[in-house]
Amino acid sequence: ISFLVLAVFLPASAQTDSASVAKVLSMVDGYVLAIEGESLDQKALETDFLISTCTEDDLRKAVALKLFDHYCDSKLMGEEAVAIHIFDNWFADGKVPMRDEVELLNARIFADFNRNSLLGMPAPVLEMTGMEGEPVTVPGANGRQSVLYFYDAECPKCRLESIMLRTWLEEQERPLDFYAIYLGTD
């Protein structure tokens with residue numbers, strides 16, 4: 001998909017009416033769908049291009065919000081990274097205003113919370129207490145992958161999944177650290 005495709009339909013007029021904004025937003029929906037298979041980095045570049053192409057403030061705001069909302073609510077794993085990119089590059093410093101201050105605060109909370117769990121990022125360290133009262137830190141110092149299994153002994157689905165999990169673990173050829181975390185008590 002060429003950048004020129006979208007540049008053709010972005011109005012260059014000094015004023016943008018609601019009908020033309022709605023038309024552009026509809027085209028943005030199609031564009032986002034067309035780049036669905038691209039990498040997250042490419043999607044971030046595309047969103048920057050789309051937003052920067054809008055020279056009129058109202059249209060830029062509408063396009064930026066449309067893209068931010070799309071990537072916040074995306075069903076595709078990892079696309080929250082694009083929403084965080086949009087927040088960091090357009091909303092955080094006020095280049096483009098959010099709808100209101102409450103929404104800006106919510107967007108900041110979304111970005112800060114999700115920034116720690118983006119694909120490819122190391123998980124934050126989790127410190128727990130073992131069955132004998134000893135400290136347990138995940139991930140361990142050995143650098144192996146860790147599997148965290150949260151369960152409750154009274155949960156019928158947990159019991160079934162525990163049986164299936166044992167089979168899955170036995171089939172694994174790579175070294176894993178497995179942590180079963182019981183939720184029935186503190």
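Partly exposed here means a relative accessible area between the buried limit, under 20%, and the exposed limit, over 50%. All views show a predicted model.

**View 1. Leu148 belongs to a nonpolar surface patch.** Leu148 sits in strand E3, residues 145–151. Its relative accessibility is 36%, so Leu148 counts as partly exposed.

**View 2. H2 has a buried side and a face turned away from it.** Val21, Val24, Leu25, Val28, Tyr31 and Val32 of H2 are buried. They cover an arc of only 115° around the axis, so they lie on the same side of H2. In an α-helix there are 3.6 residues a turn, so residues three or four places apart point the same way. The face turned away from the buried side carries the exposed residues Ala19, Lys23 and Leu33.

**View 3. The largest nonpolar core has 31 residues.** Ile51, Val63, Leu67, Phe68, Tyr71, Ile86 and Phe91 have the most contacts inside this core. The elements that give two or more residues to the core are H2, H3 (40–53), H4 (57–72), H5 (80–91) and H6 (101–115). Helix H4 gives the largest share, eight residues. Nonpolar side chains tend to be buried together in soluble globular proteins.

Notes:
Residues are numbered from 1 along each chain as its sequence is written. This is a predicted model: local features need pLDDT of at least 70, side-chain atom pairs count only at pLDDT 80 or more; totals for chains, interfaces and linings use all residues. Side-chain values use heavy atoms; hydrogens and water are left out. Patches are made of residues with over 30% relative accessible area and no salt bridge: like charges are joined within 9 Å, nonpolar side chains (Val, Leu, Ile, Met, Phe, Trp, Tyr) within 5 Å. Accessible areas come from the Shrake-Rupley method with a 1.4 Å probe; for residues, only the protein chains shown count as cover. A salt bridge is a side-chain nitrogen of Lys or Arg within 4 Å of a carboxyl oxygen of Asp or Glu. Helices (H or I, at least four residues) and strands (E, at least two) are DSSP runs, numbered from the N terminus. Buried means under 20% relative accessible area, exposed over 50%, partly exposed in between (1.4 Å probe, protein chains only). The arc is that of the directions from the helix axis to the C-beta atoms. A nonpolar core is a set of buried Ala, Val, Leu, Ile, Met, Phe, Trp, Tyr and Cys residues joined through side-chain atoms within 4.5 Å.
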